[in-house]
Amino acid sequence: MAIAAKRQEASVSPLAAPQLAFADATLALGGKTIIENLNLGVRPGEFLCIVGASGCGKTTALRLAAGLYQPTSGAVTFDGQPMLQPRREIAIVFQDYGKALLPWRTAAGNVSLALEAGGISVTERPARIDALLRKVGLPGHAEKYPAEMSGGMQQRLQIARCLAQEPKALLMDEPFGALDAMTRQGLQDEVLSLVAASNATVIFVTHDLDEAIYLGDRVVGLLPHPGRIGIELAVNLPRPRDQLATREHPEFLRLRRQLFDFIKATEQ
Amino acid sequence: MKGGAIIWRVASFAVAAGFIALWQLVANWKLVSPVFLPGPDRAWASLLRGFSSGDLWSKLIGTLEHMAYGWLAASIAGIAIGAMIGSSRPMRTYVAPSLEFLRPLPVSAIIPVAIAAFGLTQGMALLVIAFGAIWPIMLATIHGFAAVEPRLYEVARSLQMSRLAVIFKIALPSASPDILAGMRLSLTVALILSVVCEILAGLDGLGHWVLLSARAFRSADLFAGVILLGVTGYVTSVAMSLAERRLLAWQASQR
């Protein structure tokens, strides 16, 4: 928990230079402006959640941050350098884990893919794979193929592969959107503790407002057509978060109300 | 279920045995002249004689060589060209229609062209067999490479994998079910064209053996050759299926 406390201190400091920054970033695809003049800085170690109605461009914003898209104008920078292409130090957790995993590789093989790309030697890989699978709660499943695993396990596996990149930033695109409520809550807590241990910066896209407040240090709500920032809320809830106590906290309820009102207004 | 499978297996053998018995009867009753139709007993005797004298061995090896070289050449070229075309959208758009036009062309039609260009040589046979066998492999490879999950390419980009690594770790394994299916189809094509080339060009092999036996009215030898060709086709296709099942073990878990 000492790590978690340190992490929070780091993220609370408003003076820290942003690690990942959108500077007037605009993206047009096929003549349609998806994101317009987005200005947003994410501090090192911060857990930023992006919410918004469907079609507001939150996934697009994440893809810009990942370097999978290039802004039409403006810039997206990481550690002060423009993101001209994806980088290994920024890991992406996709929502559709079923498509993002290699079906012909076992769980161990899928984690190994990231280690191979990172130039980790053959002799070092088994121990690392073992530790990573243990970390995400999949010990003993190393030799299973993704198709033999449940949705929650597959998403854990994808997270393990992302952690194998030893990322400075973790970009998560509605990672638990396809999972049932119980699995989802379990994974939320696991992600919080994994992130606290790794000290990674996180951008977490979700359409679940409760999830955003529960996880984040800050929640940004986007307005649609074109996507731009509509609301920005600092979440001053004590860490570590707790599924019951945090969700019953008066501050949680206040933020939840504010965010719901915002989303409702955007949908009209 | 297991018991049922055994019964079906026994029944299928019984049917095969029935056909052979019928063949024997037809031959014994001389419904067809023995000059044209030997009984299975005579065909079998000829088969044994051919192998003990070594004649049939060398013919079988000849055919297997033609088939294997042509098929391997077709596989290597088909996968390489197919990968190139399949992994690029412009290439697919511009080149694929011409391929669809060339594919149904009966390969036997180009044999005279190949003979005119290369003579009655092993090189000609290799070219014809490879040309015929390349189509199923190449088209399957194109399809397999075009159908790679785009998300996996994004995973590869975020891992900053090299182009070579993307081909060998993502695209090729993803396309492997298609490629192997294409290779299985090509195996049959390669056998057919081996026989045709041996007949037309007089190259050493079972095709030539069958032709000479027919011309000399040695019907038992003729049938021995035909049986051996059938067995060759069957055994190679079973071997290919086994290899496929082994290589694609990961697919079993998906079904």
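Reply: Happy to! The accessible surface of chain A comes to about 11,300 Å², and 54% of this belongs to carbon and sulfur atoms; such areas come from the Shrake-Rupley method with a 1.4 Å probe, and for residues only the protein chains shown count as cover. This is a predicted model, where local features need pLDDT of at least 70 and side-chain atom pairs count only at pLDDT 80 or more, while totals for chains, interfaces and linings use all residues. Side-chain values use heavy atoms, without hydrogens and water, residues are numbered from 1 along each chain as its sequence is written, and chains are lettered from A and ligands numbered from 1 in the order in which they are written.

Me: What makes chain A as compact as a globular protein of its length?

Reply: First, chain A has 10 helices and 10 strands, which are DSSP runs numbered from the N terminus (helices: H or I, at least four residues; strands: E, at least two). Its radius of gyration is 18 Å, close to the 18 Å from the globule rule for 268 residues, so chain A is as compact as a globular protein of that length. The radius is taken over C-alpha atoms, and the rule is 2.2 Å times the number of residues to the power 0.38.

Me: Why is Cys49(A) called buried?

Reply: Buried means under 20% relative accessible area, exposed over 50%, and partly exposed in between (1.4 Å probe, protein chains only). Cys49(A) has 0% relative accessibility, so it counts as buried. Cys197(B), at 1%, is buried as well.

Me: How do you know that Cys49(A) is too far from Cys56(A) for a bond?

Reply: A disulfide is a pair of cysteine sulfur atoms within 2.5 Å. The closest cysteine sulfur to that of Cys49(A) is in Cys56(A), 14 Å away, so a bond is ruled out. Over all chains, the count is 0 disulfides.

Me: Why is Arg49(B) called partly exposed?

Reply: Arg49(B), in helix H2 (residues 40-53) of chain B, has 49% relative accessibility, so it counts as partly exposed.

Me: What makes helix H4 of chain A largely enclosed?

Reply: In helix H4 (residues 107-117), 11 of the 11 residues are buried, so the rest of the structure largely encloses it. Among them are Asn110(A) and Glu116(A). The buried residues of H4(A) pack against helix H5 (125-135) and helix H6 (151-164) of chain A, together with helix H7 (150-158) and helix H8 (163-201) of chain B; contact here means heavy atoms within 4.5 Å.
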